[in-house]
Amino acid sequence: MSRLLQSYVTGNWYSAPAEGSPVYSAVDGSEIARISSSGLDYAGAVDHARSIGGPALAALTFHDRAAALKQLGQTLLADKTEFYELSRATGATDRDSGIDIDGGVGTLLSYASRARRELPHSTTVLDGNVEKLGKTGTFLGQHIYTSRRGVAVQINAFNFPVWGFLEKLAPAFIAGLPTIVKPAGQTAYLTELVFRRIVESGLLPEGSVQLVCGSGQPLLEHLGGQDSILFTGSAGTARVLRTHPAVVANGVRFSAETDSLNASILGPDITSGSDEFELFVKQLVVEMTAKAGQKCTAIRRAFVPHALMDDVIAAAKQRLAKVVTGPDATEGIVMGALVSVEQRDEVLQAVRALSKSCEIVFGSTEPPVGPGAYLSPILLRCKDNAAEEPHEIEPFGPVATVIGYDDTAEVIDLAARGQGSLVASVVTGDSAVARDIVLGIAPYHGRVLVLDTVDAKESTGHGSPLPVLVHGGPGRAGGGEELGGIRAVLHHMQRTAVQGSPEVLTAVGDRWVAGSRQTEDGTHPFRKDLGQLVLGDTIVGGPRRVTLDDIAHFAEFTGDTFYAHTDPDAAAANPLFGGIVAHGYLVVSLAAGLFVDPAPGPVLANFGVDNLRFLTPVKADDELTVTLTVKQITPRDNADYGEVRWDANVTNQNDESVATYDVLTLVSKPKKTIS
Ligand code: NAP
């Protein structure tokens with residue numbers, strides 16, 4: 001008898017006291033594992049996540065969590081040979097496994113890198129600007145994101161046993177939310193193996209990730225308002241989960257990635273045999289055969305101008321005829337097996353239903369003789385583009401339908417008949433066509449790829465969700481939004497509008513807010529290291545009179561002789577200035593001269609400015625004063641220095657702000673003393 005898959009909950013591996021249901025290899029139909037979660041302590045798992053995993057994550061900053069994910073990604077890559085070997089039993093070719101395994105680890109590494117670069121070394125995120133809510137500036141508002149105190153329950157589809165859980169784990173983990181992973185039964189053995197290596201690595205805090213091999217349904221009744229469900233699978237299951245009494249009653253956050261009738265559109269500008277024509281056909285065949293078409297993002301509907309239908313079908317048939325299916329060891333293979341014989345039967349049933357309005361032009365509904373869930377690719381031609389079937393039936397396998405259209409307006413309408421999809425691609429050589437179609441179909445899609453001869457070489461392709469871009473789609477596609485860089489992290493957090501005085505907002509957000517305390521203690525802040533600086537440390541420089549000579553000198557020295565700085569008559573006619581004004585960059589440069597402390601010290605470099613605005617024109621004889629205040633201090637773990645953001649406010653003799661901006665510097669950490 002094959003091995004019973006284990007779950008990992010409450011800090012232990014758990015074996016159900018049952019035989020379990022058999023799970024079969026897609027390649028030869030042999031029993032590869034058994035699965036059962038009977039007797040599993042679901043309530044304990046949820047409680048463990050909340051009481052052990054959550055606090056352990058809360059003790060780590062975004063940067064700490066990112067460092068753990070990075071190490072985990074590198075560790076998993078070192079083990080990937082055994083993952084590839086087991087992955088073959090799912091029907092995957094090595095190319096398919098690359099999408100799943102390397103794609104999953106790549107997503108971890110991408111999130112690790114983004115989080116270090118784009119999130120602070122803390123546990124909260126500030127969202128947007130401070131809002132002034134009263135007349136004098138003593139009552140302000142600031143949106144903040146904090147980690148929810150719940151658990152993210154993933155319920156995944158069979159087709160990506162590795163990527164499917166890592167792409168959801170990465171943003172949740174960075175957000176500080178513990179995760180319980182529930183893989184699809186059919187391929188859970190691969191998820192279990194990768195998970196085992198994660199637990200053995202000891203890199204993730206206890207309770208931050210748990211695994212349930214078996215049924216996911218009993219988890220739902222233990223979930224509450226701080227928890228979320230991230231579902232990938234069929235629209236039917238999504239409906240069942242979304243309407244579960246506990247989910248409805250407790251306001252559990254629910255996000256779904258479901259069926260999708262993704263479109264690929266050949267632009268009306270394309271001629272037969274052109275480079276774009278070849279790109280379109282090649283991409284169609286790649287999407288039909290990668291993962292044996294079992295990709296949520298695969299092309300199901302290929303829209304082609306009526307006049308090019310025959311040519312596209314002939315070219316696609318030529319490529320499809322070269323496709324070899326069989327176990328991965330077969331020479332020249334490009335397509336593996338479907339995940340199971342049952343899945344193949346479902347696909348064939350869908351093809352039969354499509355046949356009401358479409359004819360098969362390549363492949364057949366007779367599966368090949370022999371073991372394994374193999375099937376040749378099937379290409380259909382739609383006889384009537386107004387028919388319902390091709391826009392409603394999703395054959396989750398190596399199947400696509402070519403559908404004709406007359407003009408841009410019609411193809412936009414036809415694409416929308418998918419009722420919301422994950423992705424569409426448009427192949428065109430005309431930017432105006434691209435614009436019309438992209439703007440027409442965007443409301444129905446989570447991602448749109450425009451493919452042409454310029455980007456084709458570098459393009460990651462129609463079917464590849466990327467960590468930095470949104471994955472998800474409206475309507476029938478589930479209405480969810482995963483990935484998309486830091487956006488996905490913020491989806492796991494709670495956004496709260498905090499109202500209060502400047503001092504309170506400075507304390508809550510760990511970022512100095514105008515109106516709160518500014519300290520001038522007699523030591524220039526540039527003489528303080530990262531350990532000595534505190535929010536609100538301030539230096540005031542000036543006043544300094546700006547002369548006409550200064551402006552003329554700056555114009556000549558830099559070459560910026562724009563008339564407003566050099567030509568009195570033309571400047572006088574300018575409706576905004578009414579005379580010669582100083583260059584904005586002169587103002588910023590003079591301000592630097594007023595606040596800088598020149599001697600070598602803890603300040604190592606100025607690496608930029610943010611949010612620079614010139615608010616009031618500066619004229620000759622105006623007197624400038626600058627107030628520079630420590631706004632945010634971000635130590636870097638992997639360096640002897642950290643980042644200090646300074647609030648700069650340059651004012652004139654009337655106390656009006658003439659320029660405001662943030663100065664960004666690198667400042668040394670305290671020197672280590674050897675005792
Ligand atoms: P499925 O039957 O809906 O199953 C998906 C997951 O839900 C599996 O883990 C399954 O567990 C679980 N499940 C089923 N009933 C449940 C219940 N009552 N309570 C809790 N969990 C339950 O989908 P599938 O056949 O695996 O996947 C194929 C479908 O997924 C296709 O329609 C495809 O379009 C869609 N899909 C969408 C995306 C996307 O990103 N949009 C990606 C991949 C697939 P068991 O395996 O244990 O039954």
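Throughout this tour, Ala, Val, Leu, Ile, Met, Phe, Trp, Tyr, Cys and Pro count as nonpolar, Asp, Glu, Lys and Arg as charged, and the others, Gly among them, as polar. The model is predicted, with local features needing pLDDT of at least 70 and side-chain atom pairs counting only at pLDDT 80 or more, while totals for chains, interfaces and linings use all residues. Residues are numbered from 1 along each chain as its sequence is written, and side-chain values use heavy atoms, with hydrogens and water left out.

**Stop one: the ligand and its shell**

A backbone N or O atom of G185 is 2.8 Å from an oxygen atom of the ligand, and a polar backbone atom of G233 lies 3.3 Å from a ligand oxygen atom. At E257, a backbone N or O atom is 3.4 Å from a nitrogen atom of the ligand. Taken alone, the ligand exposes 900 Å², and the protein buries 80% of that, with accessible areas coming from the Shrake-Rupley method with a 1.4 Å probe and, for residues, only the protein chains shown counting as cover.

**Stop two: the pocket**

Now hide the ligand. On a 1 Å grid over the protein atoms alone, a cavity is a set of points where a 1.4 Å probe fits but cannot get out, a pocket is an open set with protein on both sides within 12 Å along at least five of seven lines, and lining residues have an atom within 4 Å of a point. The ligand takes up the space of the second largest pocket, where a molecule sits in a pocket or cavity if more than half of its atoms lie within 2 Å of its grid points. This pocket has a volume of about 750 Å³, a volume being the space filled by probe spheres set on grid points that are joined across faces, edges and corners.

Select its 34 lining residues, of which F158, G233, S234, Q343 and F396 lie nearest the centre of the pocket. The lining has 12 nonpolar, 14 polar and eight charged residues. α12 gives the largest share of this lining, six residues.

**Stop three: the cavities**

The structure holds two cavities of 30 Å³ or more. The largest contains about 70 Å³ of space, and among its 13 lining residues T90, N159, K291, Q294 and V339 are the closest to its centre. The second largest cavity, with about 30 Å³, is lined by residues including N156, F160 and T191.

**Stop four: two backbone details**

Finish at G542 and P543, which are joined by a cis peptide bond with omega of about 0 degrees; P543 is in strand β22 (residues 538-545). A292, although not a glycine, has a positive phi of about 50 degrees.

Notes: A polar contact is a pair of N or O atoms within 3.5 Å; within protein, one must be able to donate a hydrogen and the other to accept it, and residues adjacent in sequence count only if both atoms are side-chain atoms. Helices (H or I, at least four residues) and strands (E, at least two) are DSSP runs, numbered from the N terminus.
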